[in-house]
Structure formats: structure tokens, C-alpha cells
Amino acid sequence: MPSKNHWDKVYATKSSTAVSWYQPHATLSLDLIRRIGAARAAAIIDVGGGTSTLVDDLLAHDYRNLTVLDLSGEALAVARQRLGHAGEGVRWIEGDITSVALPEQAYDVWHDRAVFHFLTDPADRRAYIEQVMRAVKPGGHVIVATFAPDGPTECSGLPVMRYAPDALHAEFGPAFELIEHSDEAHVTPAGGVQHFVYCHCLKPHLALSDGDSHAHW
Ligand SMILES: C[S@@+](CC[C@H](N)C(=O)[O-])C[C@H]1O[C@@H](n2cnc3c(N)ncnc32)[C@H](O)[C@@H]1O
């Protein structure tokens with residue numbers, strides 16, 4: 001499990017526009033969220049949002065019920081400072097997604113780009129999916145982006161999992177409906193190319209038994 005110290009140090013020592021995952025605009029994430037057709041008041045959480053510009057793009061499109069969660073308080077401070085007054089209505093949560101207390105059935109849209117893939121321990125992935133089961137509304141949308149099978153084996157010097165769309169969907173279990181998946185060739189600030197997979201799944205409406213929600217467990 002990557003430590004908070006690791007991430008605080010990254011964000012304290014590197015410009016947010018120089019980290020390999022930087023995007024001037026989170027174009028594909030924004031498109032996927034807009035295609036859902038969610039109301040502007042829909043509750044959207046960006047899990048492991050770090051200093052991502054997704055929150056800027058969502059605010060620019062009038063989404064107004066936004067939460068950004070990250071392990072690193074340093075990252076959240078950078079994003080808050082960048083947004084200034086525009087970020088005052090955003091809820092900022094510093095915490096580890098595998099253990100933080102989140103409100104129950106609170107979110108219409110759960111978005112994660114490049115966080116789930118750090119969970120190399122099955123117990124951490126199980127804890128993450130339990131958070132999804134608890135915090136996302138029944139029938140809510142779950143958008144998760146990870147490195148693709150031909151993506152890098154490390155990110156920020158840490159080992160990562162790589163997923164094909166079916167394997168990523170399978171982590172959530174067959175009760176989650178895979179609505180669509182997309183590929184992204186992300187160009188890093190240093191000019192490298194990293195292949196990502198984005199999966200958009202629907203959380204089931206009904207309460208599930210453990211066996212239904214966790215295909216592998
Ligand atoms: C590769 S960065 C991606 C940031 C952002 N999603 C983006 O696309 O720009 C991974 C982020 O996940 C955060 N993170 C790592 N492990 C986490 C955890 N267990 N809980 C919450 N955030 C975590 C890090 O602090 C970092 O901001």
C-alpha cells in the first residue's frame with residue numbers, strides 16, 4: 001500500500017504540471033461523466049483526485065456537488081489554491097480510500113483515474129470495492145481508469161496492476177454492468193505515452209450477497 005508520506009513528498013517537491021499523470025484537461029473523464037447525463041446537482045466524487053484538473057472542468061460545466069478525496073493533504077492544498085474561490089463549494093477529503101469513513105449511498109458518480117491500479121494487495125482491492133458498495137447510490141455510476149495491459153508496470157516509482165477492460169470489470173463482479181470502456185494514450189509532460197483503460201460500470205440496484213459483488217473473492 002503506497003504511503004501518505006510518499007504522496008505528500010511527491011506533491012511537495014514536484015510541480016502539479018510536471019507529474020507523469022498530469023492532464024491540462026481530463027477530457028475523457030469529463031466526456032464519460034457528461035455522457036451519463038447526470039443532473040448538475042449530481043453528487044460526484046473524484047477518488048485519489050490529487051491535483052487533477054477534472055474538478056476544474058466539472059466546475060466549468062456547472063457541476064456543483066463535487067468531492068475530491070486524496071491520501072495527500074499536500075495535493076489537495078495545491079488543487080484548492082489553484083481553484084481559489086471557485087473551489088469553495090467543493091468538499092475536500094484527506095484520507096485513504098481503503099479505510100476512510102464515507103457517507104452511505106451518497107454518490108451518483110464515482111470517478112478514479114490511476115488510483116485503483118496501485119492496489120496490488122487483494123485485501124486492499126476488496127476494501128476499495130466495499131467502499132464503492134457502501135458509498136455509491138444503488139444504480140450509481142463507477143468510472144475507473146487504470147493502466148492497460150501494455151501500460152507501464154510502475155507509476156510514481158510504485159508497482160501497479162494493469163488491466164484489460166474485462167479484468168477490470170471482473171474486479172467489481174458480474175452484478176456490476178459494464179456500460180462502456182475506452183482506451184487512452186496519455187502523453188506525459190516528458191513526452192512519453194502511457195496506455196490507460198477506462199471502464200464505466202453501473203452499480204447494481206439491489207443489495208447483493210458477498211459472492212455476487214466480488215467475483216474473485
Ligand atoms: C497517479 S496519481 C493520479 C491523480 C489523479 N487521479 C489524476 O488523474 O491526475 C494517484 C493519486 O492517488 C492518490 N492515492 C494513492 N493511494 C491512495 C489511497 N489509498 N487513497 C486515496 N488516494 C490515494 C495519490 O495521492 C495520488 O494523488
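How many residues surround the ligand, and which are the closest? In this predicted model, the ligand is surrounded by 20 residues. Tyr11, Gly48, Asp70, Ile97 and Arg113 are the closest of them. Sorted by class, the shell around the ligand consists of 11 nonpolar, 6 polar and 3 charged residues.

| Residue | Protein atom | Distance to a ligand nitrogen atom |
|---|---|---|
| Ile97 | polar backbone atom | 2.9 Å |
| Asp96 | polar side-chain atom | 3.0 Å |
| Leu71 | backbone N or O atom | 3.2 Å |

The ligand on its own would expose 590 Å², and the protein buries 98% of that area. The site of the ligand is the largest cavity. Two elements, α1 (4-13) and β2 (65-70), each give two or more residues to the shell around the ligand.

The second topic is aromatic pairs. A pair of aromatic rings is described by how far apart the centres are and by the angle of the planes. The structure holds 12 such aromatic pairs. One of them joins Phe147 and Phe196, with 4.9 Å from centre to centre and 65° between the planes. This pair is edge-to-face, because its angle is over 60 degrees. Why does the pair tie together parts that are apart in sequence? Phe147 belongs to strand β5 (residues 136-147) and Phe196 to strand β9 (residues 193-202), so the pair links parts that are 49 residues apart in sequence.

Terms used:
Residues numbered from 1 in each chain as written. Predicted model: local features only at pLDDT ≥ 70, side-chain atom pairs only at ≥ 80, totals over all residues. Heavy atoms only, no water. Near = heavy atom within 4 Å. Polar contact = N/O pair within 3.5 Å; in protein donor to acceptor, adjacent residues only side chain to side chain. Areas by Shrake-Rupley, 256 points an atom, 1.4 Å probe, with all protein chains shown as cover. 1 Å grid on protein atoms, 1.4 Å probe; cavity = no way out; pocket = protein on both sides within 12 Å on 5 of 7 lines; lining within 4 Å. Sits in = over half its atoms within 2 Å of the grid points. Helix = DSSP H or I, 4+ residues; strand = E, 2+ residues; numbered from the N terminus. Nonpolar A, V, L, I, M, F, W, Y, C, P; charged D, E, K, R; others polar. Phe/Tyr/Trp six-rings, centres within 6.5 Å; stacked < 30°, edge-to-face > 60°.
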